Amino acid sequence: MTLSAGPSHSRRWRIAVCLLLIAATAWGALALWYPLHLGPAVRGVLVAGWVALGLATLSVVSRPDTWGSRAGRTLLALFAAGFALVLGSWLSLTPQHDREWADDVSRLLASEVAGDRVTLHNVRNFDWRTPTDYTPRWETREYDLAKLVSADLVMSYWMGPAIAHTLVSFGFEDDSRVVFSLEIRKERDESFSALGGLFRKFEQVIVAADERDIVRVRSNVRREDVYLYRLDIPPAQLRQVFRGYLQQAAALQHRPAFYNTMTSNCTTILFVLARQIAPGLPLDYRLLLSGYFARYAYDQHALVPGQTMQALRMRGRITERARAADDAVDFSVRIREGIPGMRRTGEMERTR
């Protein structure tokens, strides 16, 4: 006697469709909530309506007796049309320059390059007292790339050990420094959301800043835990990375882009720029779990040699030194005391 596989086959299809419905309902709810520049009440109504449609469809198609019914087919068609509308609306979203931006990301970095001479406009140098109390300062600064001698990887932990913000601080022979950071370009009423960063909620911006601004605001004002590591990269390659940040900033001036929590963030930009120098750099889960990126750099021999990662991490923790230095003029010197690869005075050394 031959047993029919029909009921089992139908059950598998029903389960697969139900799982797709759950995923599509969840995705659609997030896509309706995060990127739309509408009031919370309007977004709440849209999300509630969408979830109600998804649950109604799921309740019908999940039952064997109504799986293939006319009501089931009608609800599936209605849900599919709604999902196509939500997806099409989401894909049609475009990044903008003309929003009411928060003060610390209100200006775009601009640069003029003449040989090795670089002029940076809109270098941020805020005096932070609290996250909401600060004195804005935007400056124009000049640098000679022929005198670029070092770079430091700065990791600022704000959400547990797996997630950190990645910055790069470039140092010159005269001990001047400038830090580059890719960040969300938040509006005045916005704050960071990892989920929102997956759903086109934020534009991105490249910030060039003084260390007493961009490092100190994280360690001293936001009370994040900050680590600093000297990169073991030749000056010629550092210049490529420096220029790469400027090129990315120039591209954003002409064409705004969305920030993406996974694919276009503070860590992935550094990986992309480093891969232009070393095309063989491997993809790694630590590019997503950015809190472990320093270990990835260590494994790729990009940090100063002759030290264990544990020693680099222990000696590279600058949180307490930064808080003790506060707004001292020698802030950058004091936070580097005892870090491998640097002189005790904090003066820059040639990497090679």
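This is a predicted model: local features need pLDDT of at least 70, side-chain atom pairs count only at pLDDT 80 or more; totals for chains, interfaces and linings use all residues.
Local features need pLDDT of at least 70, side-chain atom pairs count only at pLDDT 80 or more, and totals for chains, interfaces and linings use all residues. Residues are numbered from 1 along each chain as its sequence is written, and side-chain values use heavy atoms, without hydrogens and water.

**Helix H7**

Helices (H or I, at least four residues) and strands (E, at least two) are DSSP runs, numbered from the N terminus. H7 spans residues 266–277. Its buried residues are Cys266, Thr267, Thr268, Ile269, Leu270, Phe271 and Leu273. Buried means under 20% relative accessible area, exposed over 50%, partly exposed in between (1.4 Å probe, protein chains only). Asn265 caps the N-terminal end of H7. One of its side-chain oxygens lies 2.9 Å from the backbone nitrogen of Thr267.

**Salt bridges**

The structure holds 29 salt bridges. Each is a side-chain nitrogen of Lys or Arg within 4 Å of a carboxyl oxygen of Asp or Glu. Among them are these:

| Pair | N to O distance |
|---|---|
| Asp104 and Lys186 | 3.0 Å |
| Arg216 and Asp127 | 4.0 Å |
| Arg323 and Glu320 | 3.8 Å |

Asp104 and Lys186 are both buried. Arg216 sits in helix H5 (residues 216–221) and Asp127 in strand E3 (residues 127–130), 89 residues apart. Arg216 counts as buried because its relative accessibility is 6%. Asp127, at 24%, counts as partly exposed. A network of salt bridges links Asp127, Arg129, Asp133, Arg216 and Asp326.

Arg323 and Glu320 are 3 residues apart in helix H10 (residues 319–325), so about one helical turn separates them. Arg323 is partly exposed at 25%. Glu320 is partly exposed at 46%.

Technical notes:
A polar contact is a pair of N or O atoms within 3.5 Å; within protein, one must be able to donate a hydrogen and the other to accept it, and residues adjacent in sequence count only if both atoms are side-chain atoms.
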